[in-house]
Amino acid sequence: MNTPHEKKSCCRGHGHSAEADVKPSSGAKYFCPMCPGVESDRPGDCPKCGMALERNPLLTDDGEDEEIRALNRIFWIAAALTLPVFFLAMGHMIPGVHFRKDITKWIEFILTIPVVLWAGGMFFTKAWVSLKTWNLNMFTLIATGVGAAFLYSAVAVLAPGVFPESFKEHGEVGLYFEAAAVITVLVLLGQLLEAKARARTGEAIQSLIGLAAKTAHRLRDGKEEDVPVDEIAVGDLLRVRPGEKVPIDGTITESGGNLDESMMTGEPMPIAKKEGDPVIGATLNQTGSFVMRAEKIGSDTLLSQIVHMVAEAQRSRAPIQKVADTVAGWFVPIVVAAAVVTFIVWAIFGPAPAMAFALVNAVSVLIIACPCALGLATPMSIMVGVGRAAGMGILVKNAGAIELAEKVTHLVTDKTGTLTAGKPRVTDVIPASGYESDALLRLAASIESPSEHPLARAVVDAAKESNIELFPVTDFESITAGGVTGIVDGKAVRIGKSSFLSEHGIAIVGDWEQRAKALREKARTVVWVGIGTELAGILAIADPIKESSAAAICALHEMGLKIIMCTGDNRATAEAVARELGIDEVHAEVMPQDKIELIRKLKQQGAVVAMAGDGINDAPALAAADVGIAMGAGTDVAIGSAAITLVKGDLLAIAKSIRLSRAVMRNIRQNLFFAFVYNAVGVPIAAGVLYPFFGILLSPMIAGAAMSFSSVSVILNALRLRKTRI
């Protein structure tokens, strides 16, 4: 017997077969969003929960879902057959209308057969699978209830003499063909509405896929030709004209333009791009014509990575889902037991005809207690929330990140590239005695040229702007959180922190520390340059604070978060930035392991910690935090270590991420509350607890309607997230 956790309850219907050809495959075209690992290459039903497998939007077209078309056709045929059955069964309630029961019962019987056995046949097939595998689900309850009502009525028509008097009223055995038919139609309607609503949750991925350009203007052998994007190779030169989409990720090699990158970053203003600037595939070139070199193609492009990340996140499960899984796992057996108890109690203590009352109320319990809303509560909100986040330039790696982000109490953030622009510029070149400014800058830029650190790039850019030719470097070595060393023009050059130079025997004497201190108080980062065993001078680098950082810090404070800056930069510079932004706590001149230790210490104190960073040295801390948040402009290592990636690399997006997580979790709790309350209230009423006091009984048809629309209401509530103000 499977564990309760494995018995998942869902509400989804039509498929081509009861048992899909299920096999784990990363490239599967269909999958079950409720049961991780259940995938198939063809449409069908999940053998665990019975719901129809979802199309993988990455591998299938975006046309109308075949499931929706099939459900729509079956529903309308079943509805057309059910209408006369309902009219014949209830016609006696209309004044002046009388039917001959000996004739109408056969008409009802004949019309109900295709409704229950053909249109509702999928319910019985799935129920049989659920019994064979002991994965009891909603179809177990529906098939049992509808089957009992239909079989009871069919026997009453074909062999009425087998029933004792306790089953009869005024000498006639009651028929429930209309209940069986109407319940079947209502369940089909609920699944049709649900399928259409679920299709809307995949619109985020489809809209992302639709952003991609289909063709490109490739320049080759002096000619320009239009080719499909799939034929572009790395290194190809492409022309992008005004009003066209950038076909692929790359770098501008000639001219420039103003690009609208809002679909990727959420930034509404166009960004001016020039030669040497990177461009992102699917963004729109508003003005200017330029030539670019293709650098990332296929699944390596940012758009493809976003699509895959969104798809994976939508299919992941939040920890809170375990609560629903556990309850739903035990729910079906409990409901079946409740239906049996209901039948026994009504059969013994109910009014005449007691057995008829017992059957009707037991069927009502089975039908209304479908746990579909419970099973859909969490995944629907996650799917919509992840899609909404993608549209805001926030990429969520998994559902667990959304649940944890809501609880964040402390944000630990790096400085360079996170609070600041990450594009620093050299402001001062101060050579030591015996060295010239250009010579110092040439040596410094040459040794920094192999490095990818933002400060290194600033030094190299400063040399290029001054038209200083760089020397080749040999024996280059980068020491994390220290500096770099190498041989330049036959000289041993070291550049980095003052402590790094001191460790290698380079003495810092005189007033150099005072000069450095004065620069740091102006929020400058000081880089020390040593040649051989002598100090050659210092470079002052300023990294401007991002325009949005102050507003973001203010927003995060209003949300109750404590902001901690943790940077490898010097203390004076870090504190200058912290004062300007109103940051609560500063840890400067730290090593990567120090960042991890800080996060561990905060977690031991009971804090839920988010870490925001963009560099390789931030990757371990991002992985150690409860929620790692990578700036989109950062390194692949940092992005790979983070649970959330901000495409724009803007701190304001962190505030948006937390607001969105709170909205999603609030929506999930609403769904779970409605689902729990619905079943807690519905089952006793269906069992007849109100009958002794108010004479109220719940018709199986009303129970069927309530059950069908409970799941639809959960989905509609989840879809509200698409319009929620973040």
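1. A helix here is a DSSP run of H or I that is at least four residues long, and the helices are numbered from the N terminus. With that in hand, welcome to the structure, which is a predicted model.

2. The chain has 726 residues, and 53% of them are buried. Its secondary structure comes to 24 helices and 27 strands. Of the contacts between residues at least 6 apart in sequence, 68% join residues at least 24 apart.

3. Which residues have the most contacts inside the largest nonpolar core? They are L556, I629 and I654, in a core of 56 residues. Helix α22 supplies the largest share of this core, with 10 residues. Apart from this core lies another one of 39 residues, and I68, F177, V187 and L359 are among them.

4. Leaving aside residues up to four places away in sequence, I629 touches A610, M611, A612, G613, L622, A642, I644, L646 and I654. One of these partners, I654, is listed beside I629 among the residues with the most contacts inside the largest core.

5. Back in helix α22, you will find S661. Is S661 buried or exposed? S661 is buried, because its relative accessible area is 3%, and the cut-off for buried is under 20%. A polar atom of the S661 side chain lies 3.1 Å from the backbone nitrogen of E406. S661 also touches I402 and A405 as well as E406, when residues up to four places away in sequence are not counted.

6. The 12 residues of α13 (residues 437-448) reach 16 Å from the first C-alpha to the last, close to the 16 Å expected at 1.5 Å a residue. The buried residues in α13 are L440, L441, L443, A444, A445, S446, I447 and E448.

7. Now for a loop. Between β7 (223-228) and β8 (237-240) sits D236. D236 counts as buried because its relative accessible area is 11%. A polar atom of the D236 side chain lies 2.9 Å from the backbone nitrogen of A233. What else does D236 touch, not counting residues up to four places away in sequence? Its partners are R218, R220, E231, M292, R293 and A294.

8. A282, in the loop between β12 (278-279) and β13 (284-287), has a positive phi of about 85 degrees although it is not a glycine. D489, in the loop between β19 (483-488) and β20 (491-496), likewise has a positive phi, near 55 degrees, and is a residue other than glycine. A282 is buried, with a relative accessible area of 0%, whereas D489 is partly exposed at 44%.

9. Aromatic rings come next. A pair of aromatic rings is described by the distance of the centres and the angle of the planes. The structure holds nine aromatic pairs. In the pair of W346 and F357, the ring centres are 5.7 Å apart and the planes meet at 25 degrees, so the pair is stacked. The pair links distant parts of the chain, 11 residues apart: W346 belongs to helix α9 (residues 321-349) and F357 to helix α10 (residues 354-368). W346 is buried, with a relative accessible area of 7%, while F357 is partly exposed at 23%.

10. Elsewhere, the ring of W512 has the charged end of R515 sitting over it, 4.5 Å from the ring centre.

Definitions and conventions: Residues are numbered from 1 along each chain as its sequence is written. This is a predicted model: local features need pLDDT of at least 70, side-chain atom pairs count only at pLDDT 80 or more; totals for chains, interfaces and linings use all residues. Side-chain values use heavy atoms; hydrogens and water are left out. Helices (H or I, at least four residues) and strands (E, at least two) are DSSP runs, numbered from the N terminus. Buried means under 20% relative accessible area, exposed over 50%, partly exposed in between (1.4 Å probe, protein chains only). A polar contact is a pair of N or O atoms within 3.5 Å; within protein, one must be able to donate a hydrogen and the other to accept it, and residues adjacent in sequence count only if both atoms are side-chain atoms. Contact means heavy atoms within 4.5 Å. Rings of Phe, Tyr and Trp (its six-membered ring) pair if their centres lie within 6.5 Å; planes under 30 degrees apart count as stacked, over 60 as edge-to-face and the rest as tilted. A charge sits over a ring if NZ of Lys or CZ of Arg is within 6 Å of the ring centre and within 35 degrees of the ring normal. A nonpolar core is a set of buried Ala, Val, Leu, Ile, Met, Phe, Trp, Tyr and Cys residues joined through side-chain atoms within 4.5 Å. The expected span of a helix is 1.5 Å times one less than its number of residues.
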